[in-house]
Amino acid sequence: MPFDPSNLAAPSVRTLAPYVPGKPIEELEREYGIHDIIKLASNENPLGPGPQALAAIATAAREIGLYPDGGGFALKQALARRYGVAPEGITLGNGSNDVLVMLTEAFLTPDTEAVYSQYGFAVYPIAVQATGAKARVAPALPDPHPMAFGHDLDAMARLVNQHTRLVFIANPNNPTGTWIEAVALKAFIAAMPPSTLVVVDEAYIEYVEDQDFPDTSRWLGEFPNLVVTRTFSKAFGLAGLRVGYALSQPAVAGMLNRVRQAFNVNSVALAAACAALDDREHLQRSIVANREGMQQIKAGLDELGIRHLPSRGNFILIDCAKPAAAIYEAMLRQGVIVRPVGNYQLPNHLRLTIGTQAQNQRMLDALRQALIVLA
Ligand SMILES: *Cc1c(COP(=O)(O)O)cnc(C)c1O
């Protein structure tokens with residue numbers, strides 16, 4: 001019999017559709033032989049890391065002959081101080097993707113279920129399916145709802161039963177940018193049975209400036225089944241280093257630590273994250289740049305007559321009103337990488353990351369040009 005690893009893989013893995021990342025700049029260079037490329041495809045911070053993080057990286061690089069602190073003591077202390085949470089309730093991850101996977105490994109089995117929303121972040125279906133658990137996908141809010149394509153909490157609640165171990169809520173959600181307000185989110189969590197953990201993924205929360213936006217880290221004392229995940233990849237500008245974390249009750253963190261790899265966060269990343277947390281100026285600069293870039297892009301899209309979804313992240317989802325693959329392609333040829341979302345069953349949409357002012361202008365110009373060429 002010929003060797004066929006797909007027959008050997010777990011059935012749930014065999015049928016998995018792998019995560020499709022944003023196209024790397026080097027790949028576009030190789031394929032098209034063009035240079036001066038900008039990538040606004042993965043919601044990275046266009047300002048990159050701040051000066052304090054860069055200095056900490058240089059210092060930490062001298063020590064990489066040693067294993068990192070597997071307990072992440074210093075970073076947990078810094079996070080605990082900054083957000084007023086107990087260090088025992090913090091679980092560090094190799095990006096928050098890592099803690100999302102740890103949650104599925106610790107709490108899901110083939111006879112349990114997980115709930116997430118249609119158009120919810122793409123990591124949820126992959127992580128859930130890999131465990132063999134049953135995924136229950138709630139339909140998104142319909143168009144035209146003010147939060148169309150966003151999470152429908154009532155529809156999600158209806159899918160929860162005694163087998164549900166995890167519910168994933170991204171607030172704001174990627175790729176839609178949509179969000180959930182505090183009152184509705186709190187009522188949802190309060191209605192969940194104790195056999196269900198609610199995971200609120202706050203990857204973009206640092207960018208949100210609304211005063212009344214739910215900061216669920218404040219609710220951890222009230223809801224023992226709440227887990228909050230966050231990351232240093234977005235507003236803190238450390239995507240390449242891979243650091244994220246979960247906030248939860250210490251007992252939940254105890255379960256995650258059983259499946260966590262001993263040295264999952266490297267020493268350079270730990271040092272950089274501590275420094276980034278201290279660098280309030282860089283964070284503030286990043287927030288302001290995002291706010292201004294969002295205004296610039298929305299104004300440009302309005303001028304082009306392109307519909308866009310409301311967003312509280314550092315990205316915006318646009319409706320091209322025709323297959324977006326050709327527009328994506330035409331923009332690539334101009335050296336501008338954005339993100340197609342066909343993997344979310346949104347073939348007419350593109351997700352644009354907010355860049356610097358110059359990058360935003362170039363992206364809008366490339367989009368305008370693509371629409372002219374394809375008209
Ligand atoms: C980017 C993103 C993450 C994960 O990013 P990491 O780099 O793994 O920390 C998690 N959730 C959402 C919704 C995201 O957009």
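In which order do the strands of the open sheet of 4 strands run? The order is E9-E10-E13-E12, with antiparallel pairing. This is a predicted model, in which local features need pLDDT of at least 70, side-chain atom pairs count only at pLDDT 80 or more, and totals for chains, interfaces and linings use all residues. Residues are numbered from 1 along each chain as its sequence is written, and side-chain values use heavy atoms, with hydrogens and water left out.

**Sheets**

- Strands (E, at least two residues) and helices (H or I, at least four) are DSSP runs numbered from the N terminus, and two strands pair if DSSP finds at least two bridges between them.
- E12 is joined to strand E13 (residues 349–353) by 2 bridges, and the two run antiparallel; Pro 340 stands opposite Leu 350 in E13.
- An open sheet of 7 strands has mixed pairing and the order E2-E8-E7-E6-E5-E3-E4.
- Its edge strands, each pairing on one side only, are E2 (90–93) and E4 (134–138).
- The twist from one strand to the next averages 20°, where axes are lines fitted to C-alpha atoms (for helices over the stretch in contact) and angles run from 0 to 180 degrees between N-to-C directions.
- E2 and strand E8 (residues 244–247) run antiparallel and are joined by 4 bridges; Ile 90 stands opposite Leu 247 in E8.

**Ligand site**

- Residues around the ligand (a heavy atom within 4 Å) include Gly 95, Phe 121, Asp 201, Tyr 204, Lys 234 and Arg 242.
- Polar contacts are pairs of N or O atoms within 3.5 Å; within protein, one must be able to donate a hydrogen and the other to accept it, and residues adjacent in sequence count only if both atoms are side-chain atoms.
- Backbone N or O atoms lie 2.6 Å from a ligand oxygen atom in the case of Ser 96 and 2.9 Å in the case of Asn 97.
- For Thr 231, a side-chain N or O atom is 2.5 Å from an oxygen atom of the ligand.
- The ligand alone exposes 390 Å², of which the protein buries 93% (Shrake-Rupley method, 1.4 Å probe; for residues, only the protein chains shown count as cover).

**Backbone exceptions**

- Most peptide bonds are trans, and most residues other than glycine have a negative phi.
- The bond joining Asp 143 and Pro 144 is cis, with omega about 0°; Pro 144 lies in the loop between E4 and helix H8 (153–158).
- Asn 174 to Pro 175 is also a cis peptide bond, with omega near 15°, and Pro 175 is in the loop between strand E5 (164–170) and helix H9 (182–190).
- Tyr 119, not a glycine, has a positive phi of about 70°.
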